Amino acid sequence: MYHGPERRKRKRYGVKGSTLSYKKSFFGSYSDLYLMLNTSETGFMFITREPLALHKTISCHLRFEELDGSIPVKGKVIWTSKSQQHQAYRSGVQFTKISNPHLNQLKAILDNAVGETLQIDTGIFLKEIKKL
């Protein structure tokens with residue numbers, strides 16, 4: 001886990017029930033749903049079952065409980081690391097493409113968010129992964 005100076009440009013928020021699906025290539029298919037741990041106006045962190053290649057561009061559909069449908073975005077994998085508590089990986093993604101209307105939807109969701117990051121213990125993680 002990184003312990004150096006803060007590098008984020010925007011504050012991150014944990015949004016309960018937020019998930020995403022992604023694909024690694026233009027012709028690929030979208031993944032199963034994965035749990036998003038935090039998000040901001042510039043990117044997000046989520047849990048995957050596999051490590052993602054650094055600097056790889058991925059297409060994503062962000063889903064939030066309070067939103068019908070999803071927010072389509074493209075982003076670049078900035079970092080990926082093995083979770084110390086779970087059989088999974090955490091990946092940080094920086095947005096490279098999000099439309100203004102979708103960015104406004106995201107901002108409205110973040111305005112109502114309460115936490116900085118969703119904290120999950122092993123039991124909750126396993127329960128969430130089984131749902132996904």
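Two strands are taken to pair if DSSP finds at least two bridges between them. By that criterion β1 and β2 pair, with 2 bridges joining them in an antiparallel arrangement. Helices (H or I, at least four residues) and strands (E, at least two) are DSSP runs, numbered from the N terminus. The structure is a predicted model, in which local features need pLDDT of at least 70 and side-chain atom pairs count only at pLDDT 80 or more, while totals for chains, interfaces and linings use all residues. Residues are numbered from 1 along each chain as its sequence is written, and side-chain values use heavy atoms, with hydrogens and water left out.

Of the 132 residues in the protein chain, 39% are buried, where buried means under 20% relative accessible area, exposed means over 50%, and partly exposed lies in between (1.4 Å probe, protein chains only). The accessible surface of the protein chain comes to about 8,100 Å², and carbon and sulfur atoms contribute 51% of that surface; these areas come from the Shrake-Rupley method with a 1.4 Å probe, and for residues only the protein chains shown count as cover. Among contacts in the protein chain with a separation of 6 or more, 63% are between residues 24 or more positions apart, a contact being heavy atoms within 4.5 Å.

The strands come together as a barrel. This barrel is closed, contains 6 strands in the order β1-β2-β3-β6-β5-β4, and has antiparallel pairing. From one strand to the next, the twist averages 45 degrees, with axes fitted as lines to C-alpha atoms (for helices, over the stretch in contact) and angles running from 0 to 180 degrees between N-to-C directions. Strands of a sheet pair through backbone hydrogen bonds, either parallel or antiparallel.

Strand β2 (residues 34-39) is mostly covered, with 6 of its 6 residues buried. β2 is joined to β3 (residues 43-48) by 3 bridges, and the two run antiparallel. These two strands form a hairpin with 3 residues between them, and T39 is partnered by F44 of β3. Next, 6 bridges join β3 to β6 (residues 89-97), again antiparallel; here I47 has R90 of β6 as its bridge partner. β4 in turn pairs with β5 (residues 71-82), antiparallel over 6 bridges, and S59 stands opposite K74 of β5. Helix α1 (residues 100-111) lies across β2, β5 and β6, running at about 60 degrees to β5.

S21 is located in β1 (residues 19-23) and stands opposite H61 in β4. Is S21 buried or exposed? S21 counts as buried because its relative accessibility is 4%. The side chains of S21 and R63 are joined by a polar contact of 3.1 Å. A polar contact is a pair of N or O atoms within 3.5 Å; within protein, one must be able to donate a hydrogen and the other to accept it, and residues adjacent in sequence count only if both atoms are side-chain atoms. Apart from neighbours within four places in sequence, the residues in contact with S21 are Y30, S31, D32, L33, S59, C60, H61 and R63.

Side chains of opposite charge can pair when their charged atoms come close. The structure holds 2 salt bridges, each defined as a side-chain nitrogen of Lys or Arg within 4 Å of a carboxyl oxygen of Asp or Glu. E50 forms a salt bridge with K24, and their closest N and O atoms are 2.7 Å apart. This pair links distant parts of the chain, with E50 in the loop between β3 and β4 and K24 in the loop between β1 and β2, 26 residues apart. E50 is partly exposed at 31% relative accessible area, and K24 is partly exposed at 38%. R49 and D32 also meet through their side chains in a salt bridge (4.0 Å, N to O). R49 lies in the loop between β3 and β4 and D32 in the loop between β1 and β2, so this pair ties together parts that are 17 residues apart in sequence. Both are partly exposed, R49 with a relative accessible area of 39% and D32 with 49%.
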